[in-house]
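Colleague: I'd like to learn how to read aromatic contacts in a model. Could you take me through an example?

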Amino acid sequence: MLLLAACAQVPRAPIAAAGAREHWSGRLALRIDAEPAQSFAAGFDLRGNAQVGELALYSPLGATLARLQWSAGTAQLAWNGQRRDFDSIDALTRQAVGTELPIASLFAWLSGQDSHAEGWSADLGGLGEGKLVARRTVPAPTVTLRLVLD
């Protein structure tokens, strides 16, 4: 009986259709070239899509630094034992990391699709190696977002 139980396999979730991936994890680094320059690095776990999703940020030791969640017309930041509600994902990212991030374009970029986000450009050439670099030049200050996927 124990031998049979040891051979049992946990059912796997169905494989999403091509281009429908809804989970990424790895490390991210964000640099804002303001005076003084600001930088932030963390592990991340991104789930969902531009309409409904969650971004968890982790310290190098695995502790949860912040959790950002969003859905239609609402966004929430859990940080330092507190929860704050926002009207939009843009307002939430501005509070969480110091600048608005193009969340819709980020999901497209991670799926290998070129997407326009005002002031931003993304280098998708490294996606095959699990690397994405996106840069905002307008408006100032310049912002650079680097992702390394697991």
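Colleague: Let's start with one side chain: is W70 buried or exposed?

Modeller: W70 counts as buried, at 5% relative accessibility (buried is under 20% relative accessible area, exposed over 50%, partly exposed in between, with a 1.4 Å probe and protein chains only). Keep in mind that this is a predicted model, where local features need pLDDT of at least 70 and side-chain atom pairs 80 or more, while totals for chains, interfaces and linings use all residues. Residues are numbered from 1 along each chain as its sequence is written, and side-chain values use heavy atoms, leaving out hydrogens and water.

Colleague: How many aromatic pairs does the structure hold?

Modeller: A pair of aromatic rings is described by the distance of the centres and the angle of the planes. Here there are 2 aromatic pairs (Phe, Tyr or six-membered Trp rings with centres within 6.5 Å; planes under 30 degrees apart are stacked, over 60 edge-to-face, the rest tilted). One is W24 with F107, edge-to-face at 5.6 Å centre to centre and 65° between the planes.

Colleague: Where do W24 and F107 sit in the chain?

Modeller: W24 is in strand β1 (residues 23-32) and F107 in helix α3 (residues 103-110), 83 residues apart (DSSP runs numbered from the N terminus: helices H or I, at least four residues; strands E, at least two). W24 is buried at 1% relative accessible area, and F107 is buried too, at 6%.

Colleague: And what geometry do W70 and F107 have?

Modeller: W70 and F107 are edge-to-face, 6.3 Å centre to centre with 65° between the planes. W70 lies in strand β4 (residues 64-71) and F107 in helix α3, so this pair ties together parts 37 residues apart in sequence. Put together, W24, W70 and F107 form one aromatic cluster.
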